[in-house]
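Please read it alongside the sequence and the structure shown here.

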Amino acid sequence: AEYQALLTAIDACKAQPSLTVAEFGAGWGPWVSAAGVVGKRLGIKDIRLIAVEADSEKYKLMQAHLAYNGLAGQDGVSIATYEGAVWHTDTTLNFPKNIVAVDFGGRVSETSHSTDYRGMAYETAEIRAYALESLLKGERTIDYMHVDVQGAEYEILSRAGDLMNEKVKYLFIGTHSRLIDGQLLELLHKWGWDIRFANPCQFVFNRSIPTIE
């Protein structure tokens, strides 16, 4: 689904002189990197890549990944990366520290804690959080936005409807509960957006864990 979404968005704008892609909850930046590589192969001369990642080690991996794919410091490619979280306002949040490299389930919280939403033990540290409005201020139209922020998708997007309708052409959302699935479907319907592809969350019901996510 993620390849389908990215390539559909790029195909829709391949005749344009520019391509702008944003990835929020980016991890090592697979989708901004893929967009940059495909855009260059198509001969697009003006590529803009925007990415946000909260985990410091994955943020470093993202820098290496962009460089490995020949995107960092290249003519015609501009990159804006932010070490922090995407949120509905500019603030300070808490995020697990010393998170293991293979754990992509870290999630921000407005309070410090020792056990996360999955029941896993993690100490937290304060990190910077950015509102969508702050991240996209001054940016041109976003041809493709990839959002995977561990359960905060609805909370962030529902407060940015005007911005999303004004700025974003194609959107991919990876989320983590059937509840948020339904909320997002209702939200996109209210906005008047079309849904090209939907794959409902799958999960095993387990009352011993803290949340249904």
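In this predicted model, five strands form an open sheet in the order 3-2-1-7-8, and their pairing is parallel. Strand 3 (77-83) and strand 8 (168-173) are the edge strands; each has a single partner strand, so one side of each is left without a neighbour in the sheet. From one strand to the next, the twist averages 10 degrees.

- Strand 2 (residues 46-53) and strand 3 run parallel and are joined by seven bridges.
- Within this pairing, I50 has A80 in strand 3 as its bridge partner.
- Helix 2 (residues 30-41) packs on the sheet, where it touches strand 1 (18-24), strand 2, strand 3 and strand 7 (142-147). The direction of helix 2 makes about 165 degrees with that of strand 1.
- Helix 3 (residues 56-68) also packs on the sheet, with contacts to strand 2 and strand 3. The direction of helix 3 makes about 170 degrees with that of strand 3.

- Another open sheet consists of three strands in the order 4-6-5, with mixed pairing.
- Strand 4 (85-87) and strand 5 (91-96) form the edges of this sheet, each pairing on one side only.
- On average, neighbouring strands in this sheet are turned by 50 degrees against each other, direction ignored.
- Strand 4 runs parallel to strand 6 (residues 124-131), and three bridges join the two.
- A85 stands opposite A129, a residue of strand 6.

**The chain as a whole**

- Seven helices and eight strands are present in the protein chain.
- Of the 213 residues in the chain, 46% are buried.
- When contacts between residues at least 6 apart in sequence are considered, 75% of them join residues at least 24 apart.

**Salt bridges**

- The structure contains seven salt bridges.
- One of them links R140 and D46, whose closest N and O atoms are 2.7 Å apart. R140 belongs to the loop between helix 4 (132-136) and strand 7, whereas D46 belongs to strand 2, so this pair ties together parts that are 94 residues apart in sequence.
- R140 counts as partly exposed because its relative accessibility is 31%. D46 is likewise partly exposed, with a relative accessible area of 31%.
- R48 and E139 also meet through their side chains in a salt bridge, with an N to O distance of 2.7 Å. Since R48 lies in strand 2 and E139 in the loop between helix 4 and strand 7, the pair ties together parts that are 91 residues apart in sequence.
- R48 and E139 are both buried.
- A further salt bridge joins the side chains of R159 and E155 at 3.7 Å, N to O. E155 counts as partly exposed, because its relative accessibility is 29%.

- E53 is a residue of strand 2.
- E53 counts as buried because its relative accessibility is 7%, below the 20% cut-off.
- Leaving aside residues up to four places away in sequence, E53 touches G25, A26, G27, K58, Y59, M62, Y82, E83 and G84.
- A polar atom of the E53 side chain lies 2.6 Å from the backbone nitrogen of G27. A polar atom of this side chain also lies 3.3 Å from the backbone nitrogen of A26.
- The C-alpha atom of E53 is separated by 8.0 Å from that of T81, a residue 28 places away along the chain.

- S177 is located in the loop between strand 8 and helix 7 (178-191).
- Is S177 buried or exposed? S177 is buried, because its relative accessible area is 4%.
- The side chain of S177 has a polar atom 3.0 Å from the backbone nitrogen of I180.
- With residues up to four places away in sequence left out, S177 touches C201 and E213.

Terms used: Residues numbered from 1 in each chain as written. Predicted model: local features only at pLDDT ≥ 70, side-chain atom pairs only at ≥ 80, totals over all residues. Heavy atoms only, no water. Pairing = 2+ DSSP bridges. Helix = DSSP H or I, 4+ residues; strand = E, 2+ residues; numbered from the N terminus. Axes fitted to C-alpha atoms, helices over the stretch in contact; angles between N-to-C directions. Contact = heavy atoms within 4.5 Å. Buried < 20%, exposed > 50% of the residue type's maximum accessible area, 1.4 Å probe, protein only. Polar contact = N/O pair within 3.5 Å; in protein donor to acceptor, adjacent residues only side chain to side chain. Salt bridge = Lys/Arg side-chain N within 4 Å of Asp/Glu carboxyl O.
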